[in-house]
Amino acid sequence: MPSKTSHHNDHGGGSLSTKFDAIVVGGGIVGCACAYYLSQSFQRVLVIEPGPIGGASTAAGMGHIVVMDDSPAQFALTYYSQQLWTGLVSQMPADCEYRPTGTMWVAADDEEFSHVEGKRKFYESNGVKAEVLSPAELAKAEPQLRDGLAGGLRIPSDSVIYPVTAAGWLLSEAKRNGAELIQGKRATKMGQRSVHLEDGTQFEADFVINAAGGHAPLLTPGLPIEPRKGHLVITDRYPGFVHHQLIELGYLKSAHEMSSESVAFNAQPRATGQILLGSSRQFVGWNSEVDRKLVTKMVNRAAEYLPGIQQLSGIRIWTGFRATTPNKLPIIGAMPEDPSLLIAAGHEGLGITTSLATGKLIADWASGSKSVIDPAPYIPGGHHEH
Ligand SMILES: Cc1cc2nc3c(=O)[nH]c(=O)nc-3n(C[C@H](O)[C@H](O)[C@H](O)COP(=O)(O)OP(=O)(O)OC[C@H]3O[C@@H](n4cnc5c(N)ncnc54)[C@H](O)[C@@H]3O)c2cc1C
């Protein structure tokens, strides 16, 4: 097993070696997080990214770091990752725009509110602070919400970052540890301890990590990952309009409806004073065109909760793709038939949150260390049984 101290570091020499300890294919936030943790245990780490760092799904995402209670495995991964993010806050540069906004889950009616106490108990019994808010308390905390809502659940430890700069920062920290980057070239083949690039170059490594997001199946055929399109709208600057990341309690239902298109109310205050509005989900392949009808539906949904949103100017709309798996968990770990090929992909709508835990699990595997959480639920091959 290679270790940080057992290798000669030739990064200062200018020429790129062809043999690495680990090669990460994909410079989204997940690949950058893998490089960040791998570079703490290994001297020779290489990242390959054809485009800008964090320029794909990472740039399209909302940057909400959120602990989710959808399943025990999802909770374990999101909670662990959130703790890792919290541990890094003091080192993160200001342009990562980390903000401890908390999440406010909003209950529209009594039926939704009836689930709030159960959620609170789950969070609290697992170490996450959670507060139930009455309609009056909710209105006080978020005055722009409409009257007549049934209440809310506040998770104060959730937060928000700007994913593109966060990815860039993780990679720059990895580079400080000696990691190298090849940018502008695509990998065409990986596995059996090697990565081939489109220009014919080939690199060898003890571990190769497929962190190509929604494109991971092109490099590792058979991975059960499909693109799921989402739209976001960002407004002009309205500082103080909302304070928490606001999400309707019905959001999980939208995330679960695998066959149809769906929208859910999700609003985020950015550090700039802008409001980022989501979210939609559709299976339409890689078609990135803006679907105006769906955007209207999404904004109308937001207006059902925040009537004043219709008076704000939206300045940009974009689409992005979540890498979806059948059991809604990312795929993290070694391929059974090739233990040197590690997968770190399929993070759906939670990859900003879970990037750090993913990177840590990958680095733990590669360095033979025991992980803090059980890695079993995420390993490749477990995805059809769920
Ligand atoms: C609308 C929307 C809202 C979201 N909101 C949130 C949120 O609030 N919180 C949250 O936690 N998550 C959110 N997400 C999810 C999050 O954005 C993703 O899960 C995360 O960005 C995935 O990161 P990644 O590094 O796996 O993928 P990507 O960012 O897509 O990175 C993969 C990289 O691999 C590269 N690549 C592809 N093919 C190759 C190849 N052949 N060779 C080399 N490199 C290759 C690509 O160029 C790309 O840069 C949201 C997503 C969307 C679409």
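Predicted model: local features only at pLDDT ≥ 70, side-chain atom pairs only at ≥ 80, totals over all residues.

**Ligand shell.** I started with the residue classes around the ligand: the shell has 17 nonpolar, 21 polar and three charged residues. I looked up the shell itself next, and 41 residues surround the ligand.

Which elements each supply at least two residues of the shell? I found helices α1, α2 (57–60) and α11 (351–367) on the list, along with strands β2 (45–49), β12 (226–237), β15 (274–281) and β16 (314–324). I also checked the shell by domain: domain 1 and domain 2 each give at least three residues to it.

**Domains.** I wrote down the bounds next. Domain 1 covers 19–101 + 158–225 + 325–386, and domain 2 covers 102–157 + 226–324. Their centres, taken over C-alpha atoms, are 26 Å apart. For the contact I noted 28 residues from domain 1 and 30 residues from domain 2. On the domain 1 side, α2 and α3 (72–88) each supply at least two residues. The largest share of that side comes from α3, with three residues. By class, I have that side of domain 1 down as 11 nonpolar, 11 polar and six charged.

**α3 against α11.** The angle is about 90° and the axes are 7 Å apart, so the two helices are roughly perpendicular to each other. From α3 I listed Leu77, Thr78, Tyr80, Ser81, Gln82, Leu84 and Trp85 in the contact. α11 brings Thr353, Thr354, Leu356, Ala357 and Lys360.

**α1 against α7.** How do α1 (residues 29–41) and α7 (residues 163–176) pack? I read off an angle of about 25°, with the axes 8 Å apart, which makes α1 roughly parallel to α7. The crossing is left-handed. α1 puts Ile29, Cys32, Ala33, Ala35, Tyr36 and Ser39 into the contact. On the α7 side I have Pro163, Ala166, Ala167, Leu170, Leu171, Glu173 and Ala174. The tally by class is 11 nonpolar, one polar and one charged.

Methods. Residues numbered from 1 in each chain as written. Axes fitted to C-alpha atoms, helices over the stretch in contact; angles between N-to-C directions. Helix = DSSP H or I, 4+ residues; strand = E, 2+ residues; numbered from the N terminus. Parallel < 35°, antiparallel > 145°, perpendicular 65-115°, else oblique. Left-handed = near helix turned anticlockwise from the far one by under 90°. Contact = placed C-beta atoms within 7 Å. Nonpolar A, V, L, I, M, F, W, Y, C, P; charged D, E, K, R; others polar. Near = placed C-beta within 6 Å. Domains from an automatic or database assignment.
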